[in-house]
Amino acid sequence: MAEGASERISINGCSINLAKGGSGPTMLYLHGAGGSKGWMPFMDQLSDRFTVLAPDHPGFGLSDTPEWLDNMNDLIFFYLDLLEQLDIRDAHLVGHSMGGWLAAELAVRGTGRFRTLTLISAAGNRVKGVPMGDIFMWSNEEKARMVYDPAAQQERLNAELSEEEADIALKNAFTSSKLCWSPRFHNPDLEKWLHRVKIPTMIMWGENDPVFPPPYAHAYRKLIASSELRIFPECGHSPQQEKLDEFMAGIDAITSRN
Amino acid sequence: MKFFFFHLMPYGAVDLDAIDGNAWVTFSNRHYDPKQGHKLYNRYLDELELAADLGFDGVCVNEHHQTAYGMMPQPSILAGALARRTEKAKICVLGRALPLTTNPLSIAEEYAMIDNITGGRLIAGFVRGIGCEYHSYMVNPGFSLERFHEAHDLIIEAWTKEGPFPFDGKHYRFQYVNLWPRPYQEPHPPIWIPSQGSRETLEWASHPDRKYTYLITFSPVESVTRNLTAYAAQCEAYGYQCTPEQLGWALPLYVSETDEKAAQEAAPHIENFFNKFLVSPVEYKLPPGYSSMASYKYVMATKFKHREDFLSYKGVTDNGMFLCGSPSTVAERLEELQSQMGFGNLVPMMQFGTLPGELTEKSMRLFAEEVMPKLRPIASAEMAAAE
């Protein structure tokens, strides 16, 4: 299992960090508002079977923060450019949280480059009457509860960030707030167009996700006819980390068939 | 020196025990009793009217949302009420939070109306609103500064350019800007910029195109001095001399017969102000993007670190965030500080937290009768020249 290697790529003058590893069909992984946390164990597993491309979005991680980045639309069009420039084809598109929203937005604009779509704890919709968690207002203790396991929560609280890591966390928070503050983590128009996604879609969710509770998972399931939903018990906002085996089984199920 | 009586209109009837580390955004309005609110609004308006009668040069209100800290989400309503009950005093709104509104022309209209009704007694304050209000109003903090500047430009154009004209901003766009009524004062009401001392605001407000009055609010005296001095230095860098009219200081202030009595009477109420009404978690105060990343880190490492601690009466009087004492103590201290800082406008907040009406009124009268006359001659020639 090779650790992903990082390279810089430039899309229309915007330089971003791209982590890349493995071999096989292309899998584009889009991270959430918290940014990428390096080459994670789930990426290692994925790279056994796929060529995993895990970019830092513009404004996140080690990527540039371009002047033009004002909203999710800008990020969506940046990725449409990226797909063209890297000539990504027959790929599996995977997105977590804000990255799941981004993946869904790309998919409604055309699924020609993708074989499957996987949405993990995805933002993008608003379920009326079911409040989202407010990561912009939560204290560190509350944010730690995004993970289900109390030991993991404690670990997160005790983690001491280097100055560089703290700066990146702040940069990620600034950009995600700019992109997702209002409407909060969703596009009110997206639900009108999700029927356009006709490729096989896997939706994976933690039953205890305090950010987007399970009704948000069911909303995606209902709006994308070609989708399958898997909800994992005793799991918070990040099934790809908290329920690695179940997550990999979900990936296997959707990608081996397609 | 000129004196502007400032009121925050806190919900002083609040159950203090209910404020558990937060009086903002999510502090439930079940803690608000309209019957108490009715009494307080009218008491506070009486205090503002009394200030005008006592000879304060102006009376000031401001804007805050969803909090026990201040009951003036729409300050122009109070300014409108004061417009008809005062004759000479300036009416100061310190200020309207420009980025929080989707249509800054409504602010241009409100202000122009007050200016017309009063025959030119409005002082127009512009602020960004504090971090908490970006949660309350769901306005993106990442565009706060951009929206502030753009809304300001739009309001100034609406006040000074003949309409109709189009306005093509990034955040605000209009086909027909054509303000009715136009403001009474030419070219427009004086503009004050309340600030806690950000470098960007200082450079912007002191710019020769603007020369706005820079009002430092609720800060330790060392920081007030540093910021007012920096403002004057910036004027010099722009090639002109800063006038006392351009500098203001807003602070809670209390006067009683003796220093001891003043301390005894004010202590619990000023402690409530700083430790109850003002408190909210740091995530409420500083939403990501509200400030630059550099100043976010700076504020987290300095100011907000201390804000977590209890601010005692002694602490806030020692660092000069609060001025309290007998008339002569207060007058001497202000005279000394004025000679160091050069401000021409003093903006005392004489009701704070839970301070009851009798004590507020006593302090106001002592200040107006025994402190103001001593200080009024300071910088009066320059202030008169600025009229």
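This is a predicted model: local features need pLDDT of at least 70, side-chain atom pairs count only at pLDDT 80 or more; totals for chains, interfaces and linings use all residues.
Residues are numbered from 1 along each chain as its sequence is written, and chains are lettered from A and ligands numbered from 1 in the order in which they are written.

Twelve residues of chain A and 14 residues of chain B form the contact (C-beta atoms, placed from the backbone, within 7 Å). On the side of chain B that touches chain A, helix H9 (282-285) and helix H10 (293-301) of chain B each give two or more residues; helices are DSSP runs of H or I with at least four residues, strands are runs of E with at least two, and both are numbered from the N terminus.

Within chain B, helix H8 (residues 259-277) has 19 residues, which at 1.5 Å a residue should span 27 Å, and the 25 Å between its end C-alpha atoms agrees. The expected span is 1.5 Å times one less than the number of residues. H8(B) has a kink of about 45° at B:Ala266, shortly before the proline B:Pro268; the bend is the angle between axes fitted to the seven residues ending there and the seven starting there.

Among the buried residues of H8(B) are B:Ala262, B:Phe273 and B:Phe277, where buried means that 20 or more other C-beta atoms, placed from the backbone, lie within 10 Å of the residue's own. The buried residues of H8(B) pack against strand S9 (247-255), helix H12 (313-318), strand S10 (323-325) and helix H14 (357-375) of chain B.

Methods:
Two residues are in contact if their C-beta atoms, placed from the backbone, lie within 7 Å. A residue is buried if 20 or more other C-beta atoms lie within 10 Å of its own, exposed if 12 or fewer, and partly exposed in between; C-beta atoms are placed from the backbone.
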